[in-house]
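Please read them with the model open beside you.

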Amino acid sequence: MSRALKIELGRRYHFSASHRLHTPQLSEEENCRVFGKCNNPYGHGHNYIVEVSMSGDVDPATGMIANLADLDAFVERQVLEEFDHKSLNEDVPAFRERVPTTENLCIEIFQRLKSFPKAKLERIHVEETGNNSFEYAGDNREGNQP
Amino acid sequence: MVFLTRKIEFSASHRYHNPNLSVEENRRIFGKCNNPHGHGHNYTLQVTIEGEPDPVTGMVLDLKELKEILEREVMQRMDHRHLNYEVAELAGQIPTCENIARVIWQLLEPKITQGRLQRVRLYESPDLFADCYRNGSNGAGKS
């Protein structure tokens, strides 16, 4: 394959989860002011979409950067099993100490997927709603979008 | 720099099968994409061109011209075709999103004479796509 060109595989996954934006480092009033209705005490939920971008050499035998079955199983195990139909605050240890904003969610998902053995994780893009989306590429500057 | 993206859709059939592998290996690697009579998708192609707008026309590239290039290079070759049997550029390759995106890049790149091709993104379904761009460019463009 020509090294002049770079190929990426993009795959979207869906999960639904609840969260509450609240930090013990702020007072009740400040939490309410900063986070607005996202600070409501019993939390609320979203249908999240996670877009995973992987790069690598296309195997001439399969035409693939990575076998989708392998990628799907990895994302299922590393992210979806633990996040889908859960409370991010209560069920995901990383968010006991950190506010489960979608910025932090992007970083957490990136950390969980960067060890995929068969391709290089370029970036994670998360849509919290159709109107809000976030992206994280780690230290991989080339992975950042213009 | 301004980025201009045009989207087109085409429908085609394909099958994943490598004649150098056994029946069992083909089945294991490609799963139902290996079914003998193939299957099809509605593909969505997004082509992004980068450049500075012409001071007279205000355009990076005349969209009419891009539309004609896409019609000639992609639609006529691939729309309502079987990608394994009817697209010469894919002969001997498994017609995955990755390979089709690269072939489309190679077809389009020399035809774009105003601005330059920045990214080809090909969706096989809303949840699966491949990007092709110049290595080292800040490629993955705008979603």
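1. A term is needed at the start. A salt bridge is a side-chain nitrogen of Lys or Arg within 4 Å of a carboxyl oxygen of Asp or Glu. The side chains of Arg12(A) and Asp127(B) form such a pair, with N and O 3.8 Å apart. Please keep in mind throughout that this is a predicted model.

2. How many salt bridges does the rule find across the interface of chain A and chain B? The count there is one. The rule also finds 11 residue pairs in polar contact across this interface, both residues of each pair being at pLDDT 80 or more. On the side of chain A that touches chain B, strand E1 (5-19) and strand E4 (120-129) of chain A each supply at least two residues. E1(A) gives the most to that side, with nine residues. Sorted by kind, the residues of this side of chain A are 12 nonpolar, eight polar and nine charged.

3. The extent of the contact can be stated in two ways. By residues, chain A contributes 29 and chain B contributes 29. By area, the two chains bury about 2600 Å² between them, and 50% of it is on carbon and sulfur atoms.

4. Strand pairing also crosses between the chains. E1(A) pairs with strand E5 (residues 128-134) of chain B in the antiparallel sense, over seven bridges. Within E5(B), Ala130(B) stands opposite Leu9(A).

5. Now chain A by itself. Chain A has five helices and five strands, and their order along the sequence is β-α-β-α-β-α-α-α-β-β. The C-alpha trace of chain A spans about 60 × 30 × 25 Å along its principal axes. Of the 146 residues in chain A, 49% are buried. Among contacts in chain A between residues at least 6 apart in sequence, 66% join residues at least 24 apart.

6. Besides Asp127(B), Arg12(A) forms a salt bridge with Glu51(A), the closest N and O atoms being 2.8 Å apart. This pair links distant parts of the chain, since Arg12(A) is in strand E1 and Glu51(A) in strand E2 (residues 44-55) of chain A, 39 residues apart. Are Arg12(A) and Glu51(A) buried or exposed? Both Arg12(A) and Glu51(A) are buried.

7. Over all chains the structure holds 20 salt bridges. One of them joins the side chains of Glu73(B) and Arg77(B), at 3.1 Å from N to O. Both residues lie in helix H2 (residues 63-78) of chain B, four residues apart, which is about one turn of the helix. Glu73(B) has 7% relative accessibility, so this residue counts as buried, the limit being under 20%. Arg77(B), at 24%, is therefore partly exposed. Glu73(B) and Arg77(B) also belong to a network of salt bridges that includes Arg72(B), Glu89(B) and Lys111(B).

8. A last pair in chain B is Arg121(B) and Asp131(B), whose side chains meet in a salt bridge of 2.7 Å, N to O. Arg121(B) lies in strand E4 (residues 116-125) of chain B and Asp131(B) in strand E5 of chain B, so the pair ties together parts that are 10 residues apart in sequence. Asp131(B) has a relative accessible area of 0% and is buried. Arg121(B) counts as buried because its relative accessibility is 0%.

Technical notes
Residues are numbered from 1 along each chain as its sequence is written. Chains are lettered from A and ligands numbered from 1 in the order in which they are written. This is a predicted model: local features need pLDDT of at least 70, side-chain atom pairs count only at pLDDT 80 or more; totals for chains, interfaces and linings use all residues. Side-chain values use heavy atoms; hydrogens and water are left out. Contact means heavy atoms within 4.5 Å. Buried area is the accessible area (1.4 Å probe) that two parts lose on being put together, summed over both. A polar contact is a pair of N or O atoms within 3.5 Å; within protein, one must be able to donate a hydrogen and the other to accept it, and residues adjacent in sequence count only if both atoms are side-chain atoms. Ala, Val, Leu, Ile, Met, Phe, Trp, Tyr, Cys and Pro count as nonpolar, Asp, Glu, Lys and Arg as charged, and the others, Gly among them, as polar. Two strands pair if DSSP finds at least two bridges between them. Buried means under 20% relative accessible area, exposed over 50%, partly exposed in between (1.4 Å probe, protein chains only).
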